[in-house]
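Student: I would like to go through this structure contact by contact. Can we start from the coordinates?

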Amino acid sequence: MTSGTTGQLAPGAAPDAATAATWNRDDLLALADRMLAATRPFASPGRALVTLPGPEGGYGRAVDGLEGFARTFLLAGFRITGARGVGVDELVDRYATGIAAGTDPSAPDRWVRLDEHPQAKVEAASIALVLDLTRPWIWDRLPSAVQERVVDYLRPAVGDDTYPRINWVWFRLVVQTFLRSVGGPHSLDEMAEDLRTHDGFARGDGWMSDGPDRAYDHYVGWALHLYPTLWARMAGAADLAEQRRERDLAGLDRFLRDAVALVGADGAPLIQGRSLIYRFAAAAPFWVGAIAGVPSVSLGQLRGAATRIVRHFVANGALDERGLLTLGWHRPWPRLAQSYSGPGSPYWASKGLLGIALPADHPVWSAPEEPLPVQERDEVRAIHAPGWLVSGTRADGIVRVVNHGTDHAVEGATVGDSPLYARLGYSTATSPVLDDSGWLSPLDQSVTLVDDAGRVTHRAGMRTLTVRVDADGVGVAGSRALVHWVDPDPGQRDHGGGRAGRYRPAGHLTVYSLVRGPWEFRLTGVDDLADGLDAAALLLRVGGWAVAGDATATFDDRVAVVTGAGLTSRLESVLGGGSAGVTAVPRGGPLTGGLVVPWLDHPVRPGARVAALIELSTVPAATARRTCQAVVDEDGAGLHLAVDWPDGISTSTRLDTEHARPTRAAW
């Protein structure tokens, strides 16, 4: 049923003996030094470009080399700053030499300019940020002619209104802030505009969306919370940052209270969202919290979260035998990268080592490491902005997200589903299906209509109905979508969102999730079908968790079970009958081995409801267990769900469905 051997650690497991102990500052410094030493042989003669081995990126070799310099300069800058310039002369000399050559228009390895390629705007921000951070050891020692060339190189950021109004606003703002600090050109109006744009990303409880779409992902932490904190400490930002410092700190603090609950016990972040090749950049917001001094999450828990994430990737092969980061999650899996990514792109992971910029006497290093929430207790929490129910279970260390609000789109959109955003579930132990079928025909963690030609609907553009946790600890969330078939336009570049194209409406589906521990009770209704569609020619398909590794599967009329890599994915029909099956996707995701997905098919009956129990756990499939039973009663205003869960607990949940009823105007 599958292929290959499992190379990742079992969910919730500790890394091997070499990395199992609590990591301290010296461990992180050793990792940083190893990474920087590994990239040294790939620098150009003038050291301005670091062109790492591997296929050329989507923007060409010149951009690849600039990325390699700028992103490793982040890591070098953190290393130099934390050492206060002592004992790091080689790094200082290497990058100062590279800056001199990169800004020299006549140098054979000069940098692509900001007005020559948009990607240079991204890399310029890293260069400016680190020049400010390491000012006494690099900038102040550069010859005046080189300083002038740096200013000239960064100058095109001023007056450039082509920066996308997403996290890119920070790239223009950081560059102009540095220019302001050295007497260079800048626009206070543009700086104020970029801050207002950033503030417009706020969606509540410290969560931000990366632009107008419902794009909730790791960028919230490694960009939208990282840059405000580091920017506020730049020499050119002091007066501008003072008036917003308290508000930014409060937002970061509130976000981190949720963020620590999204890390698995083994240090794995969610495999969700774009740019996952940045790997342990996911640790960055926890170091930012330590730098900012957030009041609600302790230094021991912040450091514990950050070091666990870094250790997770090191233990699972993120560095190859040369010490280089590759395009992938654990080991190489180039398909995970965006279409523009090159061999230097993964070095945004450097943000995850931001902590080494803190000196040895900072209290974060002496605070005892504290456990993560998932290591202390079972918990279900609602995160309202992205429409997530988060369930962490102490027994297996897995964190699961049930998603009713994130799709990298806007309500009413008719694009295809991005498997990185629009699935009903993500976890720290599983990957969504990410091959072409994952983009074109949603299966795992999906509810779809399938026509007689095998075409599968998409749910992007859905409307969130509710996200809450009731007094009995049951998480409740729901969403409603005009599901639709999409014929994608050819030649689209992958920037994380779903693929646009000609669409055809299929009908309205309403899905509710009740969440306890490792289980989701999923209630689905086909509210109506689009004009001209015959219910008899359609199937309603419910997909469960995809499992990687040497997976095996069993199924009968109403239950499908997949086991592999220490995981069990179980899908059980509770109401409405249905027939069970599994689908193997040999090269479907970045975890070792293929993926296997359980599913249930039902006849389509508009107005009727079906229910399934979806489980992800480390409980062996052969272990005896009770099945789930449920009774659904409906009145004019809503539903009452009485559920007997597999652990013997019974719960009662009320759903107000009045506001979820379909209207024909929605076509």
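This is a predicted model: local features need pLDDT of at least 70, side-chain atom pairs count only at pLDDT 80 or more; totals for chains, interfaces and linings use all residues.

Student: In the open sheet of three strands, which strands stand at the edges?

Tutor: The strand order is β20-β21-β22, with antiparallel pairing. A strand with a single partner has one side left without a neighbour in the sheet, so the edge strands are β20 (629-634) and β22 (650-656).

Student: Which residue in β22 stands opposite L639?

Tutor: Strand β21 covers residues 638-644 and runs antiparallel to β22, with seven bridges joining the two. The residue opposite L639 is L655.

Student: F69 and W111 form an aromatic pair; how many residues apart in sequence are the parts that the pair ties together?

Tutor: The whole structure has 22 aromatic pairs. The pair of F69 and W111 is tilted, at 5.2 Å centre to centre and 50 degrees between the planes. F69 belongs to helix α3 (residues 61-82) and W111 to the loop between α4 (89-102) and α5 (119-133), so the parts tied together are apart in sequence by 42 residues.

Student: What kind of aromatic pair do Y219 and W222 form?

Tutor: Y219 and W222 are three residues apart in helix α9 (residues 219-231), so about one helical turn separates them. Y219 is buried at a relative accessible area of 4%, and W222 is buried at 1%. Their ring centres are 5.4 Å apart and planes over 60 degrees apart count as edge-to-face. With 70 degrees between the planes, the pair is edge-to-face.

Student: Which residue has its charged end over the ring of W348?

Tutor: W348 is part of a cluster linked by ring pairs, which includes Y219 and W222. Y219 has R274 over its face, at 4.2 Å from the ring centre. Over the ring of W348, 3.2 Å from its centre, sits the charged end of K351.

Student: R172 forms a salt bridge with E193; which residues are linked in the network of salt bridges that holds both?

Tutor: The closest N and O atoms of R172 and E193 are 3.5 Å apart. R172 lies in helix α7 (residues 169-181) and E193 in helix α8 (residues 188-199), 21 residues apart. R172 is buried at 2% relative accessible area, whereas E193 is partly exposed at 33%. The network links R165, R172, E190, E193 and D194.

Student: D199 and R244 meet in a salt bridge; why does the pair tie together parts of the chain that are apart in sequence?

Tutor: The N to O distance in this bridge is 2.6 Å. D199 is partly exposed, with a relative accessible area of 29%, and R244 is buried, with 6%. D199 lies in helix α8 and R244 in the loop between α10 (238-242) and α11 (245-259), so the parts are apart in sequence by 45 residues.

Key: Residues are numbered from 1 along each chain as its sequence is written. Side-chain values use heavy atoms; hydrogens and water are left out. Two strands pair if DSSP finds at least two bridges between them. Helices (H or I, at least four residues) and strands (E, at least two) are DSSP runs, numbered from the N terminus. Rings of Phe, Tyr and Trp (its six-membered ring) pair if their centres lie within 6.5 Å; planes under 30 degrees apart count as stacked, over 60 as edge-to-face and the rest as tilted. Buried means under 20% relative accessible area, exposed over 50%, partly exposed in between (1.4 Å probe, protein chains only). A charge sits over a ring if NZ of Lys or CZ of Arg is within 6 Å of the ring centre and within 35 degrees of the ring normal. A salt bridge is a side-chain nitrogen of Lys or Arg within 4 Å of a carboxyl oxygen of Asp or Glu.
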